[in-house]
Amino acid sequence: MVQFTRTQVAVIGSGPSGLLLSELLRKAGVDSVVIDRQSRSHIEARIRAGVLEWGTVEALREVGAGDRMDREGMPHSGFEMYFNGFRHRIDLVGLVNRQVMVYGQTELTKDLISGRLASGAPLTFCAEDVRIENVTSGNPKVCFVHGGETQIIACDYIAGCDGYHGMARQTIPSDILQVYERIYPFGWLGVLVDQPPISEELIYANGSHGFALCSMRSSSRSRYYLQCQINENLEDWSDERFFDELERRLGPETGRHLQRGASIEKSIAPLRSFVAEPMRYGRLFLVGDAAHIVPPTGAKGLNLAAADAQVLARALIEFYHSGRVDLLDRYSDTCLRRVWKVERFSWYLSQLLHMFPDATPFERKMQQAEFDYIAQSENASRSIAENYVGLPLSL
Ligand code: APR
Ligand code: PHB
C-alpha cells in the first residue's frame, strides 16, 4: 500500500528548526507536514545547550510555545569570563540593553512538539528511509516508510531541517555544494547534576588546565562542561574526578562554592565549525544544523537554527500570501551573511577560551592580551555583548 498526501511545505526533521518553521507557517495559514526518523521520546531526551537569544525567545512566544519558558526560564543580564584567575563580567544589559534567557533546548523542543500535536497539525515520528525527489522540478516529493507503509508527500517546497547527520544536504550535487570546516583539537565533557548552580550567572573560564563552563537549567539543576581530549573515555571520568578538575580550573576562590552531586547525564561532544553553501538547491532549503555547525562556546547553534527558520518562514509566507518569490530567492544569501558572523563569534570565543594543545607561548600571550583588552575596554566588551545577545536578523 502506498499512501499519497499533499502539502505546501514538507519539513524533514523535528528538531528546533523544523518545529519552529512549521509552527510559524501554521500561524500564518501555510500548511506543512513534519517528519522525523527518531521517536518522540528519543528527541525529547536529547540534552543540548540552554541559552536563548531574545529574538529566539520572541519567536517562541509568537508561535504560542513560550508559556513554560516564561514561567521556568531564567532571564540573565550578564555572564562572567575568567582568565587564569582574573574575572571580568560582561554586563549585557548595561552594554547593549538586552538579556538572554537560560532555558534548556530539551524543554523548548518538548514545548514545540506538544504545541504542534495539540493543534492537530501533522507530525510523524519514526519515519524510515526518508528520500527527496524532484527538487529541481516543479513537483518535489518526500517519500518514506512508516509502520511498514510507504508514504509519498507531494509539496511545493522542502525544508531540510534534519541536522548535521541528515540526508537533505547530501542530495545537493557535490559540484554545487561548497563546504567549509574547522575541527578543533579537543571536545567538551558535559555533566548534568541536581545541585544549585555555583553562581547566578554563567561562568566561562580559561584556566591554566583548560576551559570550563558553569551553566544551569534551573535554580536546582546545574550544567557543567570541561574541555577534554577528543578520544577521552567517559568511563575514566568519575563524578569525583570531574568535580576535582572543574574546581581546579575555576581556581580556589570560586571552586570552593561548587556543590557536587551525582551526575544524571554525562557525555562528550566534539567541537566543529562547519558551513555548507548555498543553503538552497531548487525547491529544497537547508535550515539549521543541516547547513551549519558552530562550536558550543557562546551557545549559538540553536539560535542560528531559529534565525534560519524565521527567515525561511517569512519568505514562504510572503510567497503564499502575495506570490512574491524574491525573498525565497534571497534566502541563502540572507542567512549566510548572518551565519558567517555567528561562525566568526563562536570561533573567536573558542580561540580565546580554550587551551590549544599545540599553542606556542606566543599564542598563549595573545590570548592573555586579548582577555586584558576585553577587561579594560568597554568597546571590546560591548562587541562581545552585542554578539552574545544575538545580531539582528537582517545583519
Ligand atoms: N529523516 C528524517 N529526520 C531526520 C533525518 C532523516 N534522514 N536525519 C535526521 N533527522 C532528524 C533528527 O532525528 C533530528 O530530530 O532531524 C532532526 C534534526 O534536529 P537537530 O539536530 O536538533 O537540528 P536543528 O533542528 O537544526 O537544531 C539545531 O540543535 O543540534 C542542535 O546544536 C544544535 O542547538 C542546535 C540545534
Ligand atoms: C549550556 O547550558 O548547555 C550551555 C550554555 C552556554 C554555552 C554552551 C552550553 O555557551
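In this predicted model, strand E4 and strand E8 (residues 100-102) pair in the antiparallel sense over two bridges. Helices (H or I, at least four residues) and strands (E, at least two) are DSSP runs numbered from the N terminus, and two strands count as paired if DSSP finds at least two bridges between them. Within this pair, Val-51 stands opposite Val-102 of E8. The pair belongs to an open sheet of three strands, ordered E4-E8-E5, with antiparallel pairing. Its edges are strand E4 (51-52) and strand E5 (74-76), each of which pairs on one side only.

Residues are numbered from 1 along each chain as its sequence is written, while chains are lettered from A and ligands numbered from 1 in the order in which they are written. Local features need pLDDT of at least 70 and side-chain atom pairs count only at pLDDT 80 or more, whereas totals for chains, interfaces and linings use all residues; side-chain values use heavy atoms, with hydrogens and water left out.

A second open sheet is built from eight strands in the order E7-E6-E15-E16-E17-E14-E18-E21, and its pairing is mixed. Here strand E7 (86-91) and strand E21 (292-293) are the edge strands, each pairing on one side only. Inside the sheet, strand E14 (residues 178-193) and strand E18 (residues 263-277) run antiparallel to each other and share 13 bridges. One of these links Gly-187 to its bridge partner Pro-270 in E18. Helix H7 (residues 239-250) lies across strand E6 (78-83), E14, strand E15 (203-207), E16, E17 and E18, and runs at about 80° to E17. For such angles, axes are lines fitted to C-alpha atoms, for helices over the stretch in contact (heavy atoms within 4.5 Å), and the angles run from 0 to 180 degrees between N-to-C directions.

Polar contacts are pairs of N or O atoms within 3.5 Å. An oxygen atom of ligand 2 lies 2.6 Å from a polar side-chain atom of Ser-215. For Arg-217, the distance from a side-chain N or O atom to a ligand 2 oxygen is 2.8 Å, and for Tyr-225 it is 2.6 Å. Taken alone, ligand 2 exposes 280 Å², of which the protein buries 99%; accessible areas come from the Shrake-Rupley method with a 1.4 Å probe.

Ligand 1 has 23 residues around it, with Ser-17, Asp-36, Arg-46, Gln-105 and Asp-289 coming nearest. A side-chain N or O atom of Asp-36 is 2.6 Å from an oxygen atom of ligand 1. The corresponding distance is 2.9 Å for Arg-46 and 2.9 Å for Arg-48. On its own, ligand 1 has 700 Å² of accessible area, and the protein covers 89% of that. Helix H1 (16-27) and helix H9 (301-322) are the elements giving two or more residues to its shell, and the largest share, three residues, comes from H9.

Conventions:
A polar contact is a pair of N or O atoms within 3.5 Å; within protein, one must be able to donate a hydrogen and the other to accept it, and residues adjacent in sequence count only if both atoms are side-chain atoms. A residue is near a molecule or strand if one of its heavy atoms lies within 4 Å of it.
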